[in-house]
Structure formats: structure tokens, C-alpha cells
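Take a look at the protein below. Then follow its sheets, helices and annotated sites, one heading at a time.

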Amino acid sequence: MDATTKQQYLADDPPTVVPLSIKPHFEALNSQEKLYAHWISRASFSGTRIVLRQVSHESEPIYDLIIALHKSCGGDYASLEKKAGLSDEDIKHYLSYAAMFLGNSGNYKSFGDSKFIPRLSKDKFTALIETDPTAVTRLKTAGGIQALYESATGLMHLGYPSQGHLSTYYPNSPDITVDEIEYVSTWLADRKLLPENTRLVKNHEGNFECLISSAVNEPKKRDTEKLQWELEGPLKGKWLTLVYGDHSKEMKNISESLTEASKVAANQHQKDMQTAYVSHFHDGSMQSFLESQRQWIRDKGPTVECNIGFIETYRDPHGIRGEWEGFVAMVNKERTRAFGKLVESAPSQIPKLPWPKEFEKDKFLSPDFTSLEVLTFAGSGIPAGINIPNADIIRQTEGFKNVSLGNVLSAKAPDEKVPFIRDEDMDMYKKNSDLAFEVQVGLHELLGHGCGKLLQETAPGKYNFDVNNPPISPITNKPITTWYKPEETWGSVFGGLGPSYEECRAECVAMALSCDYGILEIFGIGDGKEDIDSPAGSVLHAAYLQMARAGIAALQYWDPASRKWGQAHMQARHAILKVFLSAGPKFCRLDYKETSDGISDLTIHMDKTKIASHGRPAVEKFLQKLQVYKATADLKAGRELFEGITTVDEWFAEKVRPEVLRRAQPRKVFVQANTVVEDGEARLKEYPATAEGMIQSFAEREYI
């Protein structure tokens, strides 16, 4: 790896470490609620090692190494400094790497999927590790010091193994092809086996094993009686075997913690939800998981909110296998009231979107929309908002929930820099960006992910639209000719393209509807009257600038070697930047200075008075296509549209991207509290927002 290339993979030094503040909200709970939160927190964090295994082969041993070094010095890193003969700067580099590793639950960035490596030299890192025998053992398990810096095969990005990347969703299967993954996925789907809690292995004989996460190897409750099939078609003669017991130790501990949570649940829905969760994690049944989600959406307005499991599919290159995550949070009742008003108004807001009623759900399924203060969010990263369950079988007909994570949105590093915003816009932007982001998250999660119908043949000969008089596409002005066939889902048709495409669709909904001053009034912004020079107009201006800025910063997550995007949300935001620019330079352009080796002083010039006349129409034209292609299962047109607009041309690749990397700000990593039970009461323990505090928090939640 040459010096220039290596520079982009170096760990942030220091990373932006911020506290996930929760104490007042936790202390406001009663004793039963605190215990309920404690057991779900424990279950969530018990999946930490699952996330590590889902990231890379070396992540779990590196994690053990970090914990071993912490325990050997008791948190006194100055003592390690003396033992290893290192400087203060050397220890600082180590602590920065360790904090970034723990904040991402692995040695690949959770937002971008590229590997990061220590700034501490290999020799000095080796000297540090050799101060503790346990750490030495962990290093050997990880594959030696080289594993921290560069995988043996140079795999610096997550993705399909056959395309030169790493994915432990397909462990020890470097020659498994995309076509093989697709064929096996379709085979399982045809047998109604959901893939979220699985991994897929291709052995040396060319046969396949589908590893299913469960506490036991021979569960009593299975989603299929048959465990093995001889495959057909292109894989004729090869075998597919279901193997239960993946992550068995963690699944057992998670099941036990959720059993305890069920004993202190506040109502029957919570008890039934936890019972279904236990069945899912113990036996590996995805049907039990679906039941847990049904009970979850029926549990309206709880004081303590949670969700747990193999949820988001962003990191599986095929877009179908879920990454472990779990959260538990307290409801912020004041902010939730504002979201409640948005929920109430949703049926009147959705018709404002740019597609005919035939492309919209027959009835808006009013969700529970709450603002949460997070106690625990276990996984590779913490989002600002969530819209789940992802399963269309539930969300299209039964409902969903939206949550906005308030203490994540409000977490700030001191003196945080904001690149790409003009000096004349900076004060306005800083004053309004938090509120603009809250509006964006609310509209994105509730109306963005919550709107839009999938036109389906729900069973042979049965349709959720008039197949004899098909809807007219607003794009072609002709009747539609494609739709979802029985057993097809959004995920199975759009596959790996789906996550980023859907995030873009939801972001476009937010951009379109944030222009509605009546919606801004619901959030407590302004009086509903349209005036771009008003305080509400400033929030709208900040929202559009924020999206444009994110679209520029997104280039940090595009890999020039593979010409691939490494992060679904950022690919989506780059698409919207391109939409803004397509509306013309009178509305939006990028200003910069030419230099001998590129550009500098890149800023966004946006005419706020043209958001309504230029920006919103451009977004709505693009959004209409996204929705219609999704609704009609038109993968070909959807792929051409989305991959076309997110293709990075020479100017963005060679001029803008180097400027983005030069001005990139470290991504936040959150120090989270722990809970412990003393004398039958759950108590909170918080940690300083430092690298040392981050390490200590993980060391003290080692339940396994």
C-alpha cells in the first residue's frame, strides 16, 4: 500500500468521542421500568461479538486484545507506556484506534465499510501488545500484527468476495459467486425461509451450508422440517444444508436476558413480544421474529421502547442478511407530541407527493411515532431515526413504527467544523441545522419509508390492484406492465440496490415535504405562512444546504478503485445533490478555487428564493420515478435511473473527492452507559466521553 493510499485508511486521531446522555430520562423511570430496560440493554450488548464476526475475521480477536490490555493495566495506560517503552503520542494513537474500533464494533467503518488501520507503527503496536500474555494470544488468533494493518489478501473494503472484497456473511467462501448467492437465496425464499438471521458458506466441495443463528443445534421449532436439498439448475448435483447453532453462545445469553425482561414487562404486548423474541433467538425461527414485530407495533406509546435482532441489511452486499442490533430507550414525551401531530396529519400530507393514488397504499397505516432518548444502541453504529419492521409482509398491511433518537440528534462535539458552507450562510446554518435535521428525520422515517404501495399479485390470480384496468404510469402515461409476482418482495427483486434506493426515496420525500410551511408549523416552526425570509424559511434553507453538503461529503464513501459506494445513505444523498445541481446554477452550484493539484475552498452556492420554484420540482420529478419503478418491480428502469445519477464522473472523482478527504471530519463515536442490578434495583453507570471511557464501558459489559 503506497503512502497516499494508506493515508485515507488511517484511524481518526483523535476520533470525535461524544457522550450519549441519558441519566435524567433513566432516573425518571420506576423500578419495574428500569429493570425492563436493564435486561433488554444486556441482551442487546450481548450481541456485540456477533457484530464483530459480521464485520471481519480479525475483529473479534482485536476486540479481545483491546479488553485484555485494558484489564492488564487497570485503565492506567501510562503504566503500559513505560512497560512498552512508548511515548505519550504513541499511547494516544493506540487509544484513538481502540476507541474508533469499539465505536464501529470492528475494524471497518460502520459508515463507509472501509478498513481503518492504527497510526501507531507495527513495531510499537507489537511492543504494546507484548506487555500482556493474553493480548499476545489474542493477536495470534487475529492472524498477527499484519491483520490490524492490512488483511493477508489486502481486503480493505466490504463487499462480494468474488469481486475482491470481504464479507463474513459468506465466511471462508472466497470463490462464492454473486449468481450462486442469488440462486441459493431464491431457493430458500421459494421454501419460505427468510434470510436475515443467516450466513452462507460454500465449502471446498462446492456444496452450501446456510448457517442459522440459534441457541441450540437441534431446535424444536423450525420454519421448515427439511434440512437438506439437492439443488437443481446451474447448481445441479450440489447440496444445500441448513445448519443451526450459529452464534449459539450469544443466542443463549440473549434468550436468557429477554426471558428476564418478560417478567417485568408493562403489558401483555410486551410479554408476548419478549416471548416471541426468545423463541426466535433460541430456535432460529424467523416466523417467531415476525410475531415479535407484530406485537411490537401493537405496543403503542410505551414508556420504555426497544427492538432487537438481525435488522438492517446494508452491510450484506446482497442486501438480504441482517446485521445484529438492539436498542432500548426512554420516550421523550414533549418531542413525541410534535411527532404525534405529524402522524395525525399524514393522510393529508401524502396526497401532496408526486404520484397518483393508485401508487399509494389504500389506507395509511398510522404508526407509533416517538422521540426517544437512547440508553443502549448495540451495533456497528447509531442512526438518527428508525422506521421498522422492514418486512413488507407486516409494514404493507399491519403497520410500522417510527422513532427519532433525540440524544443522538443533539450530541455535539465542541467546536465542530462545518465544511462546504459559505461564510455568509454559516451563522444561519449553525442556528437552524439541528432543527432542520429533526424535520428531515421525521419526514424521512414517517412519510418517506411509510408511504408508497407495492403493486402485487398477492397470490396466484389475486392482485392488490385492478389487473384488468392497470394504473397509468405518470412517467409513460401508459398502463403499467410489471408488478410483484407471488412470493416476490421488494428486497428479493431489488436486492443489493434496494437499501440505498429506498433511503434515497425517503430522503426525497423529506426534501419535497419540508418545503410545506404547514408541515414546518407542526414541528413548532413558524405559523404556516410561506416566507423564505422567515425563521421557518431559514430552517427550510438549512435543510436543503444540509442535504447538498451531505451529497458532497458522500464522496468520502465512494471507492475510486472499485468505483463502488460503501454506504447506502451517502450514495442516496449524492444522488440528491446531483438532482439539486440539475435544477441549474441559478438555484444550486458548487463554487471553488482552482489550484495546481486540484481545487480548494469548495462551497455550496444556493439561492434560497428558488427552492420552491427550482429545487422542489426537480426533487419531485426524480422522486416520482423512484416510487413508480419501486411500486411496479421495475428493476431495470430503477437500476438505470439510480446507478446513472450516482455514477461519479471524472471531475467529482479527481477534483472534488480529494478536497472532501482533505476536509473530512472524524465521525462521532458514542460512549454509552451501562446498567447493573444491585439489591434488586437497576442502576445506571456512566463514563467520561474519552477514549479511555469508551474502552472501560466495553470492558465492564463483558457478559459472555
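## A helix across a sheet

Which strands does helix H11 lie across? Helix H11 (residues 178-190) lies across E2, strand E3 (208-213), E4 and E5. Its direction runs at about 75 degrees to E5. Helices (H or I, at least four residues) and strands (E, at least two) are DSSP runs, numbered from the N terminus. Angles run from 0 to 180 degrees between N-to-C directions, and axes are lines fitted to C-alpha atoms, for helices over the stretch in contact. Contact means heavy atoms within 4.5 Å.

This is a predicted model: local features need pLDDT of at least 70, side-chain atom pairs count only at pLDDT 80 or more, and totals for chains, interfaces and linings use all residues. Residues are numbered from 1 along each chain as its sequence is written, and side-chain values use heavy atoms, with hydrogens and water left out.

## The four-stranded sheet

Now the sheet itself. Four strands make an open sheet in the order E2-E3-E5-E4, and the pairing is mixed. Two strands pair if DSSP finds at least two bridges between them. Strand E2 (198-202) and strand E4 (228-230) are the edge strands, and each pairs on one side only. Neighbouring strands of this sheet are turned by 20 degrees against each other on average, direction ignored.

How many bridges join E4 to E5? There are three, and E4 runs antiparallel to strand E5 (residues 239-246).

## The five-stranded sheet

Another open sheet has five strands, in the order E6-E7-E8-E10-E9, again with mixed pairing. Strand E6 (304-310) and strand E9 (385-388) stand at its edges. Each has a single partner strand, so one side of each is left without a neighbour in the sheet. From one strand to the next, the twist averages 35 degrees.

Six bridges link strand E7 (residues 324-331) and strand E8 (residues 368-378), which run antiparallel. Val 331 stands opposite Leu 372 in E8. Helix H3 (residues 31-45) packs on the sheet and touches E6, E7 and E8. The direction of H3 makes about 160 degrees with that of E7. Helix H13 (residues 268-283) also packs on the sheet, touching E6 and E7. The direction of H13 makes about 15 degrees with that of E6.

## The annotated sites

Which residue does UniProt list for "active site"? The unreviewed entry gives Glu 445. UniProt positions are given here in the numbering used for this model, feature names are shortened, and annotations may be inferred rather than shown by experiment. Glu 445 lies in helix H18 (residues 423-448). Is Glu 445 buried or exposed? Glu 445 is buried, because its relative accessible area is 7%. Buried means under 20% relative accessible area, exposed over 50%, and partly exposed in between (1.4 Å probe, protein chains only). Not counting residues up to four places away in sequence, Glu 445 touches Gly 385, Ile 386, Asn 387, Asn 402 and Gly 450.

The unreviewed UniProt entry also places "binding site" at His 444, His 449 and Glu 503. They are spread over 60 residues of sequence, yet they cluster in space: the largest C-alpha distance is 8.4 Å. His 444 sits in helix H18 and is buried, at 6% relative accessible area. Glu 503 sits in helix H20 (residues 498-513) and is buried too, at 5%. Leaving aside neighbours within four places in sequence, His 444 touches His 449, Glu 503, Ala 506, Glu 507 and Ala 510. On that basis, the contacts of Glu 503 include Tyr 314, His 444, His 449 and His 569.

## A buried loop residue

Where is Leu 20? Leu 20 lies in the loop between strand E1 (16-19) and helix H2 (23-27). Leu 20 is buried, with a relative accessible area of 3%. Beyond four places in sequence, the residues that Leu 20 touches include Val 374, Ile 382, Asn 407 and Phe 670. Leu 20 and Val 467 are 447 residues apart in sequence, and 51 Å apart in space, C-alpha to C-alpha.

## A hairpin

Strand E18 (residues 674-678) and strand E19 (residues 681-685) run antiparallel, joined by five bridges. Glu 678 has Glu 681 in E19 as its bridge partner. Two residues lie between the strands of this hairpin. In the turn, Asp 679 has a positive phi of about 55 degrees.
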